[in-house]
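The stops below concern aromatic rings and the charges over them.

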Amino acid sequence: EMYADMNFYGWSGHRTMRWGHAHPSWTFWSLPFLCDLLYERFSSAGRVTKIQVWSFQDVADVGVSQVLASGNKISRQAKFDHFMWEDEDMLNVALWRDGATKDWCKFDLEWALFKERYDVSEKPFDDSKWYPNGMPMVFISMHNTKQFEVTDWLLSWLARCHKLGPPKCNAEGTWPPKNCHEDSSHERALRRKPREYIQLMCCCVEPRLSKWISWGGKWFDDSSKVPGKMPKMKKNRTCTLP
């Protein structure tokens with residue numbers, strides 16, 4: 001399963017949470033962890049050597065400040081391995097080794113998901129082990145915005161939609177109107193009607209202008225309103241909402 005292990009075979013140790021996308025957020029408390037990670041990577045470039053790194057196995061119970069104050073360090077062999085080829089692999093392995101279990105719900109979404117109206121999965125990014133019911137999608141940031149023309153097009157009318165407020169859409173069902181597909185014949189034809197264009201394009205993002213979290217077929221306007229599990233779900237989610 002793609003989301004269970006991301007087809008990653010570069011490390012055989014115990015995994016404490018699902019593979020995470022390398023779009024992390026952190027505070028200054030993470031600096032010792034990140035410094036150790038960089039230290040290990042640089043030290044592994046030459047011959048195999050022993051390095052001293054912070055012991056974060058108990059950090060969830062005692063806190064980072066207590067670990068630093070006690071000077072609690074462990075010896076680690078710095079040796080180049082398959083998981084060191086890129087940042088995402090190494091970050092995941094380092095978190096597993098230190099017993100991390102806290103991860104975000106999915107907030108850095110593919111840009112196309114912003115214009116699909118209500119047509120989103122009830123169990124997004126699900127897998128059989130970690131998140132059998134999927135995880136909440138949080139519409140606050142976009143990923144994979146590499147095509148400048150498309151990104152500029154999307155952000156331009158999204159900004160205008162925010163100024164206009166939640167749209168009044170006549171479209172039936174949950175599917176987005178045909179004009180929501182970038183550079184489609186329907187979207188190009190609509191461009192000839194500037195006054196109608198924004199109003200109809202704003203229907204593509206319904207209901208994201210007022211409700212920005214989606215999970216289990218429901219939409220929420222506040223993370224505090226999202227339950228640990230939705231009806232008919234057996235397992236509480238473990239991901240964190242902003």
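Does Trp219 count as buried or exposed? Trp219 has 13% relative accessibility and so counts as buried (buried is under 20% relative accessible area, exposed over 50%, partly exposed in between, with a 1.4 Å probe and protein chains only). The model is predicted: local features need pLDDT of at least 70 and side-chain atom pairs pLDDT 80 or more, while totals for chains, interfaces and linings use all residues. Residues are numbered from 1 along each chain as its sequence is written, and side-chain values use heavy atoms, without hydrogens and water.

Select Phe114 and Phe139. The whole structure holds 11 aromatic pairs (rings of Phe, Tyr and Trp, the last by its six-membered ring, with centres within 6.5 Å; planes under 30 degrees apart are stacked, over 60 edge-to-face, the rest tilted). In this pair the ring centres are 5.1 Å apart and the planes lie at 85°, so it is edge-to-face. Phe114 is in the loop between β3 (106-110) and β4 (137-143), and Phe139 is in strand β4, 25 residues apart (strands are DSSP runs of E, at least two residues, numbered from the N terminus). Both Phe114 and Phe139 are buried.

Tyr118 is in the loop between β3 and β4, and Trp219 is in strand β6 (residues 218-220), 101 residues apart. Tyr118 is partly exposed, at 30% relative accessible area.

Return to Phe139 and select Arg208, which lies over the ring face at 4.6 Å from the ring centre (a charge sits over a ring if NZ of Lys or CZ of Arg is within 6 Å of the ring centre and within 35 degrees of the ring normal).

Last, select Phe8, Trp11, Trp19 and Trp96, which form one aromatic cluster.

Definitions and conventions
Helix = DSSP H or I, 4+ residues; strand = E, 2+ residues; numbered from the N terminus.
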